[in-house]
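Hi,

Here is the structure I promised to pass on to you. Have a look at it first, and then read on for my notes.

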Amino acid sequence: MIRLRPAHLALLIAALSVAGGWFAYAEDAKAPAPGTPAAAGAATTLQPTAVPAPGGDASATTAAPAAGDAAAAEAAPAEGAGGDEEEGPPKKPLISEKSEKNAQRIPVLLTIGEDKLVDLEFEANVSSANGVIEGNKTVATAQLVRVKGKPKQILFKPLKEGTTTVTVRDEQANVKVIFDLQVTSNDLARMLSELKDLLRDIEGIELRIVGKNIVIDGEVMTPSDYGRLLGVVEEPNSPYKEVVMNLVSFSPIALTALAKRIQ
């Protein structure tokens, strides 16, 4: 056994103290400085510490998450929360104009004081109040007429100037026809008939009533036809001057032929 003298023992203790301080300094030098990426990474690699479960049972323990894992868990959204909602199937349109587009539209000119009877090529629906729908009943009314017990005709009764519609359904409740009614005064209808008779030899023009006017539209082929039209509707003493709207023009073909003649 080695026996140390007190002086030697004091020197040994001093030497060990110096060595321990040097080793502690070396370990501190190896550790990353606080706030650096290396230090942050080192913090996240801490091992979970066993934490006693609630209730005081020391045998049942749960692992406490490391500081970095806890921050990541707080930043991550809960599963199924937020985000874009899944789009369902496309919604079917709630309205359409299919019935009206499939129906036949027929313009009808009526004159106040003169009823008009129209034949139907189908049997109208009489079992429903919607078999015949009148638009503006103050302008004109419509009434179904039976032929050999079947509703095969409709009678229009004009009441005042204006426009309206009458919709007729068949026995299967399908919209079959829509009548576009235009009611005029006696004078306007008479003038239209007279103008059609006076201008019947002029090709390429069309006459119709629009509101309180008679519109003449189209293209004429010869200067003589255009001169005749002007003589009928635009002469100072013409009875049609105030009600006629003249939209007739020369045909481009006629203008080309006229230019060649002038040359």
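Let me begin at a hairpin. Strands S8 and S9 have five residues between them, and in this hairpin alanine 173 takes a positive phi near 70 degrees. Please keep in mind that this is a predicted model.

One of the pairs is threonine 165 with aspartate 180 as its bridge partner in S9.

As for the whole picture, the protein chain has seven helices and 12 strands. Of its 263 residues, 24% are buried. The chain exposes about 19,200 Å², and 56% of that comes from carbon and sulfur atoms. If you look at contacts with a sequence separation of 6 or more, residues 24 or more positions apart account for 56% of them.

Now to the other sheet I looked at. It is open as well, with three strands in the order S10-S11-S12 and mixed pairing. S10 and S12 stand at the edges with a single partner strand each, so one side of each has no neighbour in the sheet. From one strand to the next, the twist averages 10 degrees. S11 and S12 run parallel and are joined by seven bridges; valine 220, for instance, stands opposite phenylalanine 250 in S12.

Two helices lie across these strands. H5 lies across S10, S11 and S12 and runs at about 175 degrees to S10. H6 lies across S11 and S12, running at about 170 degrees to S12.

What holds the most contacts inside the largest nonpolar core? That core has 19 residues, and those with the most contacts inside it are Leu195, Leu199, Ile205, Ile214, Ile216 and Val244. At least two core residues come from each of H5 (186-198), S10 (205-210), S11 (213-220), H6 (223-233) and S12 (244-250). H5 gives the largest share, four residues. Apart from this core lies another, of 18 residues, including Val132, Val168, Val177 and Leu181.

Leaving aside residues up to four places away in sequence, it touches Leu188, Met191, Leu192, Leu195, Arg208, Ile209, Val243, Val244 and Met245.

Methionine 221 and isoleucine 253 are 32 residues apart in sequence, while their C-alpha atoms are 7.6 Å apart in space.

Happy to talk any of this through.

Best wishes

Key: Residues numbered from 1 in each chain as written. Predicted model: local features only at pLDDT ≥ 70, side-chain atom pairs only at ≥ 80, totals over all residues. Heavy atoms only, no water. Buried < 20%, exposed > 50% of the residue type's maximum accessible area, 1.4 Å probe, protein only. Contact = heavy atoms within 4.5 Å. Areas by Shrake-Rupley, 256 points an atom, 1.4 Å probe, with all protein chains shown as cover. Pairing = 2+ DSSP bridges. Core = buried A, V, L, I, M, F, W, Y, C linked by side-chain atoms within 4.5 Å. Axes fitted to C-alpha atoms, helices over the stretch in contact; angles between N-to-C directions.
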